[in-house]
Amino acid sequence: MSDILHQADQQQFICVVDGKTSRLSYRWLDAGTVDACSTQVPSELRGQGIADKLARSFYDWARAEGLTIVPSCSYIDVWLRRHGS
């Protein structure tokens, strides 16, 4: 599996596998709050743990930056309840 890449200028984390891009998009709500608004994994790549890796990378980045996460994406909402602190 490819590494997760943070494209801060596009407000997303991506992972490219077999030429197909999976992404977790976020948006800034204010200087200390980010909204995880969308997680997308192509159907042929589902079940490989890509969304989990995107979520973990996003979470680790946000925590390292001292940011509050607002999860409007349902996947991230559930992920945070299971893994976030």
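This report describes the sheet, the helices and the core of a predicted model.

## Basis

The model is predicted, so local features need pLDDT of at least 70 and side-chain atom pairs count only at pLDDT 80 or more, while totals for chains, interfaces and linings use all residues. Residues are numbered from 1 along each chain as its sequence is written, and side-chain values use heavy atoms, with hydrogens and water left out.

## The sheet

Five strands form an open sheet in the order E1-E2-E3-E4-E5, with mixed pairing. Strands (E, at least two residues) and helices (H or I, at least four) are DSSP runs numbered from the N terminus, and two strands pair if DSSP finds at least two bridges between them. The edges are held by strand E1 (5–7) and strand E5 (68–70); each has a single partner strand, so one side of each lacks a neighbour in the sheet. From one strand to the next the twist averages 30°; angles run from 0 to 180 degrees between N-to-C directions, and axes are lines fitted to C-alpha atoms, for helices over the stretch in contact.

## Strand pairs and hairpins

E1 and E2 are antiparallel and share three bridges, with Leu5 paired to Ile14 in E2. Their hairpin has four residues between the strands, and Gln11 takes a positive phi near 50° there.

E2 and E3 are also antiparallel, joined by six bridges. Ile14 has Arg23 in E3 as its bridge partner. Two residues lie between the strands of this hairpin, in which Asp18 has a positive phi near 50°. E2 is mostly covered, with five of its six residues buried; buried means under 20% relative accessible area, exposed over 50% and partly exposed in between (1.4 Å probe, protein chains only).

Strand E4 (residues 33–40) and E5 run parallel and are joined by three bridges. Val34 stands opposite Ile69 in E5. Thr33, also in strand E4, counts as buried at 13% relative accessibility. Beyond its neighbours within four places in sequence, Thr33 is in contact (heavy atoms within 4.5 Å) with Arg27, Trp28, Leu67, Thr68 and Val70.

## The helices

Helix H1 (residues 50–64) lies across E1, strand E2 (12–17), strand E3 (20–30), E4 and E5, and runs at about 30° to E3.

H1 packs against H2 at an angle of about 70°, with the axes 11 Å apart. This makes H1 roughly perpendicular to H2, a class that covers 65 to 115 degrees; angles under 35 count as roughly parallel, over 145 as roughly antiparallel and the rest as oblique. Ala51, Asp52, Ala55, Arg56 and Tyr59 in H1 meet Tyr75, Ile76, Trp79, Leu80 and His83 in H2. By class, this contact has seven nonpolar, one polar and two charged residues. Ala, Val, Leu, Ile, Met, Phe, Trp, Tyr, Cys and Pro count as nonpolar, Asp, Glu, Lys and Arg as charged, and the others, Gly among them, as polar.

## The nonpolar core

The largest nonpolar core has 23 residues, of which Phe13, Val34, Ile50, Phe58, Trp61, Ile69 and Ile76 touch the most other members. Such a core is a set of buried Ala, Val, Leu, Ile, Met, Phe, Trp, Tyr and Cys residues joined through side-chain atoms within 4.5 Å. At least two core residues come from each of E2, E3, E4, H1 and helix H2 (74–83). H1 gives the largest share, eight residues.

Leaving aside neighbours within four places in sequence, the contacts of Phe13 include Ile4, Leu5, Leu24, Tyr26, Leu54, Phe58 and Trp61.
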